[in-house]
Amino acid sequence: MVKLDPSLDTNGVLVEPTSVVAKAWDHTERIGRRSRGFQPKTLLVTGAGPIGLLAALIGAQRGLDVHVLDHNDRGPKRTIVRELGGTFHMGELADLDQLKPDVLMECTGVPSVVRDALGRTASGGIVCLVGVSAPGQALDVDIGSFNRTMVLDNDTVFGSVNANRKHYEDAVAVLRQADKAWLGRLITRRVPVEQWTLSLKQQPSDIKVVIDFS
């Protein structure tokens, strides 16, 4: 068991998704340390759901220049990113050709976004795949170009999911350090347990929906 800080109150429900990106950051930094002089400055996160925004939070806590890309601008996402000191982008990765992040965290699992993320970092960059894609979706990929970029730029692509006890403890530390009001804005709906099926019906402005047992 990992004890929650009482000050988190109901924001404690964010520990589990935060543990996922805490592990992603842990492994990203372990990989980076294998290369001499790895000092990331820029982070790009694809997807402004709860996982993507929490990944951006950790990047901001590390002092990185944070960019978040999403496919829509509905709800509080743009404001939430801006309050981190980050930049919100709407559209496709192809629209961000001038941005070459040192770390790219792919948090959508959308196959076309995963494809476009590969080879898009700065030289020596790291792509961490956090989103999970459904099987059975074929896309054209220029393997020759991808291989050339990965080898000549010394890039890394890896996947990360789930977490162990350490990452849950890291998640609690991340949330304790974060602004509580900011965390609260990630929870866009609280559904009474008697109406739990409503939580399954996605609404345009949803980020994180929780079931309230109180």
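Me: How many salt bridges does the structure hold?
Reply: The structure holds ten salt bridges, where a salt bridge is a side-chain nitrogen of Lys or Arg within 4 Å of a carboxyl oxygen of Asp or Glu. Side chains of opposite charge can pair when their charged atoms come close. Before we go on, this is a predicted model, in which local features need pLDDT of at least 70 and side-chain atom pairs count only at pLDDT 80 or more, while totals for chains, interfaces and linings use all residues. Residues are numbered from 1 along each chain as its sequence is written, and side-chain values use heavy atoms, with hydrogens and water left out.

Me: Which side chain does Arg189 meet in a salt bridge?
Reply: Arg189 pairs with Asp206, at 2.9 Å from N to O. Arg189 lies in strand 7 (residues 187-192) and Asp206 in the loop between strand 7 and strand 8, so the pair ties together parts that are 17 residues apart in sequence. Helices (H or I, at least four residues) and strands (E, at least two) are DSSP runs, numbered from the N terminus.

Me: Are Arg189 and Asp206 buried or exposed?
Reply: Arg189 and Asp206 are both buried. Buried means under 20% relative accessible area, exposed means over 50%, and partly exposed is in between, using a 1.4 Å probe and protein chains only.

Me: What about Asp70, which side chain does it meet?
Reply: Asp70 forms a salt bridge with Lys77, at 3.1 Å from N to O. Asp70 is buried, and Lys77 is buried too.

Me: And where do Glu169 and Arg165 lie?
Reply: Both are in helix 6, four residues apart, which is about one turn of the helix. Glu169 and Arg165 form a salt bridge, with their closest N and O atoms 3.0 Å apart. Glu169 is partly exposed at 37% relative accessibility, and Arg165 is partly exposed with a relative accessible area of 46%.

Me: Switching to helices: at what angle do helix 1 and helix 2 cross?
Reply: Two packed helices are described by the angle between their axes and the distance between the axes. Here the axes of helix 1 (residues 15-33) and helix 2 (residues 50-61) cross at roughly 50 degrees and come within 9 Å. That makes helix 1 oblique to helix 2. The axes are lines fitted to C-alpha atoms, for helices over the stretch in contact, with angles running from 0 to 180 degrees between N-to-C directions. Angles under 35 degrees count as roughly parallel, over 145 as roughly antiparallel, 65 to 115 as roughly perpendicular and the rest as oblique.

Me: Is that crossing of helix 1 and helix 2 left-handed or right-handed?
Reply: The crossing of helix 1 and helix 2 is right-handed. A crossing is right-handed if the near helix is turned clockwise from the far one by less than a right angle, and left-handed if anticlockwise.

Me: Where does Gly12 lie?
Reply: Gly12 is in the segment before helix 1. Gly12 counts as buried, at 10% relative accessibility. The C-alpha atoms of Gly12 and Leu183 are separated by 9.6 Å, although these residues are 171 residues apart along the chain.

Me: New topic: what is phi of Asn154 near?
Reply: Most residues other than glycine have a negative phi, and most peptide bonds are trans. Phi of Asn154 is near 55 degrees, a positive value in a residue other than glycine. Asn154 sits in the loop between helix 5 (143-152) and strand 6 (156-159), and is exposed, with a relative accessible area of 52%.

Me: And phi of Asn162? What is it near?
Reply: Phi of Asn162 is near 60 degrees, also a positive value in a residue other than glycine. Asn162 lies in the loop between strand 6 and helix 6 (165-177), and counts as exposed at 53% relative accessibility.

Me: Last one: which residues make the nonpolar surface patch?
Reply: Trp196, Leu200, Ile211 and Phe213 make a nonpolar surface patch of about 480 Å². Patches are made of residues with over 30% relative accessible area and no salt bridge: like charges are joined within 9 Å, nonpolar side chains (Val, Leu, Ile, Met, Phe, Trp, Tyr) within 5 Å. Accessible areas come from the Shrake-Rupley method with a 1.4 Å probe, and for residues only the protein chains shown count as cover. Phe213 lies in the segment after strand 8 (208-212) and is exposed, at 68% relative accessibility.
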